[in-house]
Amino acid sequence: MQRRVIFNEKLLPYLLLAPQLAVTLIFFFWPAGQAIHMSVLSQDAFGQSVTFVGLDNFKEVLGDADYVKTLWRTVLFSSAVAVTALFPALLFAVMAERVIRGATFYRTVLVLPYAIAPAVAGVLWLFMFSPSIGIVAYGLKKLGIDWNPKLDGSDAMILVIMAAAWKQISYNFLFFLAGLQSIPKALLEAASIDGASEWKKFWTITFPLLSPTTFFLLVVNIVYAFFDTFGIIDAVTNGGPAKATEVLVYKVYYDGVHSLNLGSSSAQSVILMAIVIVLTAVQFRYVERKVHY
Amino acid sequence: MLDSPITAAVGRRSNWVPHAVLWIGVFITAFPLYVTFVASTLTPQDIAQVPMQLFPGAHGWDNYREAWSKGSAGTYLSPPAWTLLLNSLIVALVVTFGKITVSLLSAYAVVFFKFPGRMVFFWMIFITLMLPVEVRILPTYQVVTDLKLINSYAGLTLPIIASATATLLFRQFFLTIPDELVEAAKIDGAGPLRFFKDVVIPLSRTNIAALFVILFIYGWNQYLWPLLITTSNSLDVIVVAIKKMIGTGAEPTDWHIVMSTTMLALIPPVLVIILMQKSFVKGLTDTEK
């Protein structure tokens, strides 16, 4: 990773690195260290004395039925978001690759949700599905569906999943489109000559060749659902009703900021860091293999 | 992009299915935005009508003017939308240009120099990929409080400026700059700073544009961090303000103001994505590799 020809200045590289290192040390390493440090301490109710408690905070967090529930809820939420965002995106990409007229128009519109903040996306969906004034909620009522995300936990969960997936379809669509365009046309042409149907061509050629993209997107979507959906959940449900939509990131925030339980919140932060590291590792392992397909 | 004869043939033969499916996609994507737009042109009474009408009303001008110059009343007295937009713009631009500058410099140091500790520094930067703000919220908040940066633009922007992604992208690109260019520059007596300014930066133009789109949207859409770090309403960014405008219980929500403010909040990132679509796609696919 080093170039052959380089400059020989001794001090200059340090000066060039200084701004990034400063920000990284102050806002990444220091807080991460603090999180680990606080996660092994316990503070009394008045913030007067602090005692070292080892792994007690972790034991408490992982032994807490609420936390385990939140963990499973997060897994369910993330998988639902990933699946809901991947399938339509693949379908739209396959179709977008087949049209010529209007291709730019379709792509431009389908990409728009990427530009929209998660919290704002949440507000849009909240408004449409609000039981009192929402236009879609009205339609559901007409159809005889009892819809109330303010009171019913499953309704609330469905709503945040839809809002989160809606925003992520754009991203997946672009990657699937890029993946489709890199599939050698000769393969599809040969299959056509052999009389394969569109359906058959898709499942025997396109889909297998897309699998690296699909797997990559799966990981990215799960990471997105884990960490970037805070705004959606905060805007739509505040984690409610009765914690029905509280995911891990929301819990870290709530326990730390609202309940002021620093030891527990820090232990949760450390657990989350571990999850991110695992997910990133999976992603990188995969990226290395992607080259060979 | 769609110029191969076989795709063209397919396109002609079975035309309506793809178009129908894509129109469903367009509908799903655009409907929430359209409803928001319609609501932003209605009076509060019209919005409260169930079902709400689906064609624009005549109140748009009044709503936008009220949002722009007054903001919402109710439990949360928002600053006028122009203040919110200005705050968001400052945050987005500082984050974007800050990240690009900081990353260009550090990537240049890592690629074009050899010095003790180079790999250690590189890995220190690399590992920050794994620590999104959401994961280290409270401790970062603590650090920013200790530094007395609460309620300041510095506090809003600095913690999200360090970015391993941008550094990695520039590093990747710098490695492809031919050695001959560096040699030629050296022979001509150009120092490293001159080479950086006159060769590396101009060559990086397309990469910078690509990153600009991604980072501007990232900065504009920040939510959790600004929510935590500002306690004074006058520093709220527009995304946070919109959420705060929605009443939680007893207080009714001024939906006409919320919806017109939302439309205003959507304009800058949507414009950036539409006007710079090519750079956007490049930025998205490059930063993830």
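A residue counts as buried if 20 or more other C-beta atoms lie within 10 Å of its own. F173(A) has 27 such neighbours inside 10 Å, so it goes down as buried. Keep in mind that this is a predicted model.

**Where chain A meets chain B**

- The contact draws on 85 residues of chain A and 84 residues of chain B.
- On the chain A side, the largest share comes from helix α1 (residues 12–38), which puts in 18 residues.
- Sorted by class, that side of chain A has 64 nonpolar, 12 polar and nine charged residues.

**The largest nonpolar core**

- There are 163 residues in the largest nonpolar core.
- Those with the most contacts inside the core are V120(A), W125(A) and A163(A), along with Y108(B) and V239(B).
- Take V239(B): leaving out residues up to four places away in sequence, it touches A117(A), A119(A) and V120(A) in chain A, plus N221(B), Y223(B) and A265(B) in chain B.
- As background, nonpolar side chains tend to be buried together in soluble globular proteins.

**F173(A) and its surroundings**

- You'll find F173(A) in helix α7 (residues 153–181) of chain A.
- Not counting residues up to four places away in sequence, F173(A) touches A89(A), F92(A), A93(A) and L110(A).
- Look at L86(A) too: it is 87 residues from F173(A) along the chain, yet their C-alpha atoms are separated by 8.1 Å.

**Helix α5 against helix α12 in chain B**

- Helix α5 (residues 81–112) and helix α12 (residues 205–220) of chain B have axes that come within 8 Å and cross at roughly 140°.
- That angle makes α5(B) oblique to α12(B).
- The crossing of these two, α5(B) and α12(B), is right-handed.
- From α5(B), the residues that meet α12(B) are S88(B), V91(B), A92(B), V95(B), T96(B), K99(B) and I100(B).
- Facing them from α12(B) are I208(B), L211(B), F212(B), L215(B), F216(B), G219(B) and W220(B).
- By class, this contact of α5(B) with α12(B) has 10 nonpolar, three polar and one charged residues.

**Helix α15 in chain B and two of its partners**

- Helix α4 (residues 60–69) and helix α15 (residues 255–275) of chain B have axes that come within 9 Å and cross at roughly 75°.
- So α4(B) and α15(B) are roughly perpendicular to each other.
- N63(B), Y64(B), E66(B) and A67(B) of α4(B) meet H256(B), I257(B), S260(B), T261(B) and L264(B) of α15(B).
- That contact of α4(B) with α15(B) has four nonpolar, four polar and one charged residues.
- The axes of α2(B) and α15(B) come within 8 Å, crossing at roughly 125°.
- That leaves α2(B) and α15(B) oblique to each other, and the crossing is left-handed.
- T36(B), F37(B) and A39(B) are the α2(B) residues here, and they meet W255(B), H256(B), M259(B), T262(B) and M263(B) of α15(B).
- The contact of α2(B) with α15(B) splits into five nonpolar, three polar and no charged residues.

**S40(B), a buried loop residue**

- S40(B) sits in the loop between α2 (16–39) and α3 (44–48) of chain B.
- With 25 other C-beta atoms within 10 Å, S40(B) is buried.
- Setting aside neighbours within four places in sequence, S40(B) is in contact with G60(B), N63(B), H256(B), M259(B), S260(B) and M263(B).
- H59(B) is 19 residues from S40(B) along the chain, and the C-alpha atoms of the two are separated by 7.9 Å.

**Backbone details to check on screen**

- The peptide bond from V50(B) to P51(B) is cis, with omega near -5°. P51(B) lies in the loop between α3 and α4 of chain B.
- N238(A) isn't glycine, but its phi is positive, near 55°. It is in the loop between α10 (230–236) and α11 (248–258) of chain A.
- With 16 C-beta neighbours inside 10 Å, N238(A) counts as partly exposed.
- K148(B), also a residue other than glycine, has a positive phi near 60°. Its place is in the loop between α7 (137–146) and α8 (153–157) of chain B.
- K148(B) has 10 C-beta neighbours inside 10 Å, so it counts as exposed.

Terms used
Residues are numbered from 1 along each chain as its sequence is written. Chains are lettered from A and ligands numbered from 1 in the order in which they are written. This is a predicted model: local features need pLDDT of at least 70, side-chain atom pairs count only at pLDDT 80 or more; totals for chains, interfaces and linings use all residues. A nonpolar core is a set of buried Ala, Val, Leu, Ile, Met, Phe, Trp, Tyr and Cys residues joined through C-beta atoms within 7 Å. A residue is buried if 20 or more other C-beta atoms lie within 10 Å of its own, exposed if 12 or fewer, and partly exposed in between; C-beta atoms are placed from the backbone. Two residues are in contact if their C-beta atoms, placed from the backbone, lie within 7 Å. Helices (H or I, at least four residues) and strands (E, at least two) are DSSP runs, numbered from the N terminus. Ala, Val, Leu, Ile, Met, Phe, Trp, Tyr, Cys and Pro count as nonpolar, Asp, Glu, Lys and Arg as charged, and the others, Gly among them, as polar. Axes are lines fitted to C-alpha atoms, for helices over the stretch in contact, and angles run from 0 to 180 degrees between N-to-C directions. Angles under 35 degrees count as roughly parallel, over 145 as roughly antiparallel, 65 to 115 as roughly perpendicular and the rest as oblique. A crossing is left-handed if the near helix is turned anticlockwise from the far one by less than a right angle, and right-handed if clockwise.
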